[in-house]
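Reader: I would like to go through this structure with you. Could we begin with the terms and then turn to the details?

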Amino acid sequence: MTKKEQKEIERQEKARLKLKNEIARTESLKIYEKQYEHMGYVCGIDEVGRGPLAGPVVAAAVILPKDSQILYLNDSKKLSEKKREELYDVIMDQAVSVGFGYVYPERIDEINILQATYEAMRDAVSKLTVTPSVLLNDAVTIPDVTIPQVPIIKGDAKSVSIAAASIVAKVTRDRLMVEYDKIMPEYGFARNKGYGTAEHIESLKNYGATPIHRKTFITKFV
């Protein structure tokens, strides 16, 4: 056997082991889904955008098939932008149903970010095409929802359904901020996604607030 052939065998073995480990990791993230699947549809819920100075808070509700084989699901913050984009397409193609909820800055200023997050989550659930039997939430219990809920601390790293929701919510919001950047390029929204980077804060001081800024978040700067 040549060195080249030996290296190829080693490469294939590493790839096989890596895939085996990923399958095992993914299965370990189905513990909550398996625990509640007897109730019917299990829905994962997560949001993105609590902290930014600009743009909406976006929530996603995702129901995956019971036999879902989607790999590499994880907390969206632990994934590269490229991997999130790839998984977004897979999730949207294979999910039983996906719902999105948006709450925009004017409403955030009116009711505060926590209540806006709850509102976005309720809206996301209402957009599902099937009614879930149980909600797996990332850390929170959503008020005014009659469906049974299971809040899971750091749920986006412990549940495939919540991880899927975190990914599609993140990609959806990021794409929206890129579109805002085309209209208001001075603020660097495509880069900072509305978060309070030094560049963003400097632009706020120089150009003032835009209609997509959260007025209650920027009192220190404008």
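Author: Buried means under 20% relative accessible area, exposed means over 50%, and partly exposed lies in between, with a 1.4 Å probe and protein chains only. This is a predicted model, in which local features need pLDDT of at least 70 and side-chain atom pairs count only at pLDDT 80 or more, while totals for chains, interfaces and linings use all residues. Residues are numbered from 1 along each chain as its sequence is written, and side-chain values use heavy atoms, with hydrogens and water left out.

Reader: With that in place, is D75 buried or exposed?

Author: D75 is buried, at 7% relative accessible area. Its side chain meets that of K77 in a salt bridge of 3.2 Å, N to O; the term stands for a side-chain nitrogen of Lys or Arg within 4 Å of a carboxyl oxygen of Asp or Glu. K77, by contrast, is exposed, with a relative accessible area of 66%.

Reader: How many salt bridges does the structure hold?

Author: There are 17 salt bridges. One of them pairs D174 with R84, with 3.9 Å between the closest N and O atoms. D174 belongs to helix α6 and R84 to helix α3, so this pair ties together parts that are 90 residues apart in sequence. Helices here are DSSP runs of H or I with at least four residues, strands are runs of E with at least two, and both are numbered from the N terminus.

Reader: And how accessible are D174 and R84?

Author: D174 counts as buried at 10% relative accessibility, and R84 is buried as well, at 11%.

Reader: Which residue forms a salt bridge with R107?

Author: The partner is E119, and the closest N and O atoms are 2.8 Å apart. R107 lies in helix α4 and E119 in helix α5, so the pair ties together parts that are 12 residues apart in sequence. R107 is partly exposed at 30%, and E119 is partly exposed at 24%.

Reader: Changing topic: how many residues has the largest nonpolar core?

Author: That core has 23 residues, and those with the most contacts inside it include V62, L87 and I167. A nonpolar core is a set of buried Ala, Val, Leu, Ile, Met, Phe, Trp, Tyr and Cys residues joined through side-chain atoms within 4.5 Å. At least two core residues come from each of β2 (57-63), α3 (81-94), β3 (97-103) and α6 (160-183). The largest share, eight residues, is supplied by α6.

Reader: What does I167 touch?

Author: Leaving aside residues up to four places away in sequence, I167 touches L73, N74, S76, L79, R84, L87, Y88 and I91. Contact means heavy atoms within 4.5 Å. A second, separate core of 20 residues includes I111, V125, L135 and I142.

Reader: And S161, is it buried or exposed?

Author: S161 is buried, with a relative accessible area of 2%. Its place is in helix α6. Among the residues that S161 touches, not counting those up to four places away in sequence, are E33, C43 and L64.

Reader: Lastly, which residue other than glycine has a positive phi?

Author: N112 is one of them, with phi near 80 degrees; another is A139, at about 80 degrees. Most residues other than glycine have a negative phi. N112 sits in the loop between α4 (105-111) and α5 (113-126), and A139 in the loop between β4 (134-138) and β5 (149-152). N112 is partly exposed at 41%, and A139 is partly exposed at 40%.
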